[in-house]
Amino acid sequence: MLEILLAGGWALLPILVCSLVALAIVFERFWALRRAAVLPPGLGAEVRQWARSAQLDAAHLEALQKGSPLGELFAGALAVRDRPRDIIKERIEDTGRHVVHRMERYLNTLGTIALIGPLLGLLGTVVGLIRMFLNVMAGGIGDPTKMAGGIGEALICTAFGLIVSIPAYVLHRYFRSKVGGYVVQMEKEATALLDDLSAPRAAPRRRAPTADVAATQAD
């Protein structure tokens, strides 16, 4: 393997750097986009119960905001729960944009690596072919080993560029799709909370007058 890497020449170095960056992003996104970390099970029902029973304070909101992306969305809505429905909805949309932006962190970098991988491989191919033709011009074509080095460098760079770019592209699309699915579920949960917050509160029932009060009113 070391001999293959050395045969690839200096043009292989940026491809290797891109592969390490892509690998780090993939592991980080797999961990950050776990379903339990983004959409904790039962959180929506629990928060709606808090809202109905008025068991909300600064500690609850802070825990929600730091707990998960869904919790951050809920915390944004509950912070203005006493406002009209339009204002609560606008806060949910604003908070949702920030939450989605954080869930898509590093995905643009992964997509860029998927795009430039074949280009870096093509660069290595061109460099290898140029070296091959220079060797032919200097010593003629009598010695085929002078051409083998340039051809080998060209093929190695092309292969490594594709090896890096293909998985990076597939995983980039996978993470995009995963974030899109999470966004749909978060919208459903946020809409359910918005309906609860916007529902009219039942007016307290008036107590019936006692017998003494009724007698006084009769007099």
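Predicted model: local features only at pLDDT ≥ 70, side-chain atom pairs only at ≥ 80, totals over all residues.
Hi everyone. A helix here is a DSSP run of H or I with at least four residues, and a strand is a run of E with at least two.

Reading along the sequence, you simply go α-α-α-α-α-α-α-α-α-α. The chain has 219 residues, and 33% of them count as buried. It exposes about 13800 Å², with carbon and sulfur atoms supplying 63% of that area. As for contacts with a separation of 6 or more, 78% of them come from residues 24 or more positions apart.

Let's turn to helix H6, if you'd like to find it on the screen. Helix H6 covers residues 69-78. How many of its residues are buried? Ten of its ten residues are, and H6 is described as mostly covered. Among the buried ones are Pro69, Leu73 and Ala77. You will also find Gly71, Phe74 and Leu78 in that buried set.

Now for the partners of H6. On one side of the story is helix H4, residues 43-53. The axes of H4 and H6 come within 11 Å and cross at roughly 20 degrees. Angles under 35 degrees count as roughly parallel, and H4 and H6 are therefore roughly parallel to each other. The crossing of H4 past H6 is right-handed. Where they meet, H4 brings Leu43, Gly44, Val47 and Ala51, while H6 brings Leu70, Gly71, Phe74 and Leu78.

The next partner is helix H5, residues 58-67. H5 and H6 pack at an angle of about 145 degrees, and their axes are 6 Å apart. This crossing is left-handed. From H5, the contact uses Leu61, Leu64 and Gln65. From H6, it uses Gly71, Glu72, Phe74, Ala75 and Leu78.

Thr95 lies in helix H7, residues 85-103. Is Thr95 buried or exposed? Its relative accessible area is 11%, and the cut-off for buried is under 20%, so Thr95 is buried. Setting aside residues up to four places away in sequence, Thr95 touches Glu72, Leu73 and Gly76. For Gly76, the C-alpha separation from Thr95 is 6.3 Å, and the two are 19 residues apart along the chain. The Thr95 side chain also reaches the backbone oxygen of Arg91, at 2.9 Å.

Two more residues before I hand over. His172 sits in helix H9, which spans residues 145-198. At 12% relative accessibility, His172 is buried as well. Beyond neighbours within four places in sequence, His172 is in contact with Leu107, Leu110 and Gly111.

And finally, Leu12, over in helix H2, residues 12-32. Leu12 has a relative accessible area of 1% and is buried.

Key: Residues numbered from 1 in each chain as written. Heavy atoms only, no water. Buried < 20%, exposed > 50% of the residue type's maximum accessible area, 1.4 Å probe, protein only. Contact = heavy atoms within 4.5 Å. Areas by Shrake-Rupley, 256 points an atom, 1.4 Å probe, with all protein chains shown as cover. Polar contact = N/O pair within 3.5 Å; in protein donor to acceptor, adjacent residues only side chain to side chain. Axes fitted to C-alpha atoms, helices over the stretch in contact; angles between N-to-C directions. Parallel < 35°, antiparallel > 145°, perpendicular 65-115°, else oblique. Left-handed = near helix turned anticlockwise from the far one by under 90°.
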